Structures are given as structure tokens and as C-alpha cells.
Amino acid sequence: MKRNHFTLTAAVSTFLIGGVLLAGCSTAVETPAVTSSVTAEISEANVDLSLGPVATEVLAANANSTTTNDDEWTLDGAVSIALDGSTATADGDGVSISGSTITISAAGTYILSGQFDGQVVVDTDDEAVVALVLDGAEISSSTSAAIAVANAEDVVVSLSGTNTLSSTGDDADYNAALFSDADLTISGDGSLTVSSSVNDGITSHDDLVILSGDITVTAGDDGLRGKDSLTIEGGTVTVEAGGDALKSDNDEDETRGYVYIAGGTVDLMAADDGVQAETDIVIAGGSTTLAAEDDGLKSEVNIVVSGGGTAVTNSYEGIESYYITIEGGVLAVNASDDGINATSGTSTTTDIGGIVEADDGAMVSITGGDTTVNSAGDGIDSNGSMLVTGGMTTVFGSSEDREGALDANGTIVVDSGTVLAVGMTFMAVAPETSSAQGWVSASLEQSYGADQTVQVLDSSGTVVAEFTSVKSFQSVVLSDAAITNGETYTVTVNGDSAGTVTAGVAAAGSESAGGGAPGGGAPRP
């Protein structure tokens, strides 16, 4: 018989979250109620692009982003612009210099080097590409954007050497240190450090695409913002933002306003949301680590994780959207409230002020991947339903009897895969009896603390599953192919029996999905 060790080892990745060790990580962390630190290491084998069917469908429903690839522009005939304090010189056409403003008025390639106190403006009606090669450039503005694309068709910023853009001004029109009113692509093998004390770091009012480069952004407001879309395909992106770290906010076109992470190494810190999208967020590759004071990943329609490694190390709610789909990759979530929350964002209030939690059609779908949630609120909470058909899902919910490791206003169905949900008893929820896969729901004889060795044994004493607790708990819910409904299973803590249950029967004192009463009886008054 299969034996599950819930050390949750992912063959191609190493994670550490809430004290549950996945092989190879050496730094211990605490639960979110104690500290919000989580470390995550993603191996190179785990960062490859992986588009599952839902990710493919969501991306196909959105407008394509505009990317300027390296073969769409050339260094041949490039104009060199030498920056020198408050002035500059250019060795070709298409450039005018007036005081501390450099204006580029024609398509072509421009190489900027040196130090400049002022602003570089791109303003052209040409439909060909404007390529700005930053080659050891340091540009700072005390009034507005360091680089402002006022008018162009497509702009690429190519990085060579070490470059810096900074803005300390508050310009409502050019509200970023690197601002573009056109589609903007960043590429190259150099580095770019961007700082904006008041506004955004890098903003495009159209599509913003990161292909490569080492990019570090510190922003008073949003870090990277592509109004129509924001795509990261490669490079290293580090953001510290006073607002959202990554953002796309077109609310007028349902095919835009999305964030797509397909590769690269992304490290985010945000005083608001880590990644915020008006429509969809799709993560299909790369290594993404984020800490946010509000939500980790937040969108209004879809969040799809289909590949790569994603660690939400600190958040209020880890992942929030209407439809949440996990198809692959490795996902770790640390949250001070709900870890994963599927919701329409609406609720019904009674005439006496109570909240009616009806099924709003939201959905959490888990078809693959390796997901670990550590939350002080509900672990996985759907205001609609939850369906699991694959993958490994481990949830450590609240250590208080006020939230559940699993919660749904609709149904919770587990047809395959592995689900382990650990929490307290009063709000514990078991899968529906219509689930194709067997499950056990155990309310233990007492509450136990952290660092306890817990095993689930079948009637012959064979270990079906094993894990180490990360906080106080009294409920264990496990669904796995090794469990057969109707058979007897025993849960032990440190080798001593803590409860015996019949598989497929909800534990006394637990809730049914949909807000039913403990034990699946009539609703509470």
C-alpha cells in the first residue's frame, strides 16, 4: 500500500513553510501568527514554462501583449548621446537638446551613456521602433520622470552595463521614473536600478514586457505597472513598492488588465498587493517570491498557477480571485487571514446587519502541482465550491476554533490527488460523500501543539500518511488514493492513539461544506 510522508517533498523544488520541511532547505520559520517569514528556494528544474489547459484558455481570451524583440531593431546607424551633468551632446539626427531636456523625435536606435540631471523625452509620430540603449547611463530628475515616452508606437529599453534612473518629483502626467505612453519592452544583459520617491517605478499606459536584464525598483507607489498588461518572461526583477509591486489596471477592456509571469526570478515587497490585476493573473514559469501587507496575488476574474515556483511569504490574504486554478508548479502561501480565497467580492447583509454567505459561483480548482498553505484564518476558502482532481495540497489552518482549514459555501469534492487539511474541530469541513476518492475526517481527543509527529494508520497498522504539526490542531482531514471509504483508520500523535475514525464519515463536531451544522446535520439557527 502507498505510504504518504507529508514532509511534502517536491522532486524538483525545495520549500520551507511554517516548519514543514521539503528536502534541501535549512532555514526554519514560524507560523503566521508568530512571524511572517518564509523562505523558498526554487531549483532551476522547476522554473520552466508550463501552460495547462486553463492557463492556455485564459491567456487566449486576453489580447496579446505587444513585445519588441531584439531582431526588430538594430545598432546599425545608432545615434550616441553623451550625458554630461545638466547637458548632453548627440552625434546624429533625431535628437534635440534644450537645457536639461533631451528630446528624441524620430524612430531609430539611441545609445545613452554618462550622467545626466534632467529628463529624456521620446515624442515621435513615427511607427517604427524607438530603441533606447542604456549603456552606463545615470539619469535623475527632481521634477518628473527620468525617461518619459510621450508619444511613440513601440519602445524598447535595452540594458548594457550598469544603469540608474531616479525621480524625486511628483508629476501627475509622467507618474513614474520610467514612464511610457506606448508599448514598452525592457531587455538586454545589463542592470537597471529605478527609484521613484513618490510615484511608480516603471509604468506603461499600454503593454509592459520584461524579457531580460537585472532590474531593481524602489517606488513610493506601484513598482511595475502595465495598464493594458504586464508580462515578465525572463531576467531578475526585484521590487519594493509603497503600493502594489506588480499591477495591471485596465478596467475598460475585459481582454486587458492582466499580469503574466512566464519566467525569470521575481522578488517582490509591497505595502499593498504583491501582484494586482484587474482581470487575470497567470503564473506559468519562473521563480516568484513576494511579501505583501495586503493580498499576495489579487485579481478580479482568474488566478491560474500552472508552473514555476511561487512563494507568498507574507500577506493578509494570500491568493484572492473569483476563479482560482492550480494546475502545476510549486506554490507556498503564508497568510494572516485566508490563505486562498475564491470570492466574487460581494456579500448579502440582512436587515439586522448579519452577513449571509451564499454560494456566489466562485471556484477553487486544483488539478496538479504541489500546494502548501499556512494561514491564521481559513486555509482554503471558497465562497462557491472547491474541486480537487490532482496534485498535492497541504493546508495548515487557524489554530483557533473560529476558522477552518477548508471552507466552502458550496461543495468540496476530491476525486483524486492528495489533500491534507489540519486545523481545529469546530469549523472543520470534510469532502462531500459524492467524492470519488476516499477520505478520513478525524476530530482528535484533545488539542495538540506544534512539532508533533502525526501518522494516519490503516486497520493493519500500515502508515498511510505522516506529517509534523506546525501549530496547535485538533482536526485532521485527509483524502488520498490509499484510503478506502468504510474502513477504519487511526490517527496517532507521537506514537499514541489520538482518535479512530471510519473513512467517508464526517467527524462529529465538524461542519459540512455550505455552512451546514456540525456533523452534517441541519443548519444552525
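This report covers a helix, the nonpolar cores, a cavity and several single residues in a predicted model.

## Helix H1

Helix H1 spans residues 53-61. Its buried residues are Ala55, Val58 and Leu59. These three sit on the same side of H1, because they cover an arc of only 95° around the axis. An α-helix has 3.6 residues a turn, so residues three or four places apart point the same way.

What does the buried side of H1 pack against? The partners are three strands: S25 (258-261), S28 (280-283) and S31 (302-305). The face turned away from the buried side carries Pro53, Glu57, Ala60 and Ala61, which are exposed.

## Nonpolar cores

The largest nonpolar core has 84 residues. Within this core, Leu112, Ile202 and Leu224 have the most contacts. Strand S11 (residues 129-141) gives the core its largest share, five residues. A second, separate core holds 24 residues, among them Tyr448, Val454, Val464 and Tyr489. In soluble globular proteins, nonpolar side chains tend to be buried together.

Ile202 deserves a look of its own. Leaving aside neighbours within four places in sequence, Ile202 is in contact with Ala176, Leu178, Leu184, Ile186, Val194, Leu208, Ile215, Val217, Gly223, Leu224 and Arg225. One of these, Leu224, is also among the residues with the most contacts inside the largest core.

## The cavity

How many cavities of 30 Å³ or more does the structure hold? There is one. The volume of the largest cavity is about 50 Å³. Its lining consists of Ala405, Leu406, Ala421, Val422, Gly423, Met424, Ala428, Val429, Ser475 and Val477.

Strands S44 (412-423) and S48 (473-479) each supply at least two lining residues. S44 gives the largest share, three residues. By class, eight lining residues are nonpolar, two are polar and none is charged.

Ala362 lies in the loop between strand S38 (355-356) and strand S39 (363-366). The C-alpha atoms of Ala362 and Tyr323 are separated by 5.7 Å, although the two residues are 39 residues apart along the chain. Beyond its neighbours within four places in sequence, Ala362 is in contact with Tyr322, Ala342, Thr343, Ser344, Ser382, Asn383, Gly384 and Ser385.

Asn341 belongs to strand S36 (residues 340-342). Asn341 counts as buried, at 7% relative accessibility. Setting aside neighbours within four places in sequence, Asn341 has contacts with Glu317, Ile319, Glu320, Ser321, Ile324, Asp381 and Asn383.

## Positive phi angles

Which phi value does Asp451 take? Phi of Asp451 is near 65°, a positive value in a residue other than glycine. Asp451 lies in the loop between strand S45 (439-448) and strand S46 (453-457). Asp451 is exposed, with a relative accessible area of 62%.

Asn494 also has a positive phi, near 55°, and is likewise not a glycine. The loop that holds Asn494 runs between strand S49 (488-493) and strand S50 (496-502). Asn494 is partly exposed, because its relative accessible area of 46% falls between the cut-offs of 20% and 50%.

Technical notes: Residues numbered from 1 in each chain as written. Predicted model: local features only at pLDDT ≥ 70, side-chain atom pairs only at ≥ 80, totals over all residues. Heavy atoms only, no water. Buried < 20%, exposed > 50% of the residue type's maximum accessible area, 1.4 Å probe, protein only. Helix = DSSP H or I, 4+ residues; strand = E, 2+ residues; numbered from the N terminus. Arc of directions from axis to C-beta. Contact = heavy atoms within 4.5 Å. Core = buried A, V, L, I, M, F, W, Y, C linked by side-chain atoms within 4.5 Å. 1 Å grid on protein atoms, 1.4 Å probe; cavity = no way out; pocket = protein on both sides within 12 Å on 5 of 7 lines; lining within 4 Å. Points joined across faces, edges and corners; volume = space filled by probe spheres on them. Nonpolar A, V, L, I, M, F, W, Y, C, P; charged D, E, K, R; others polar.
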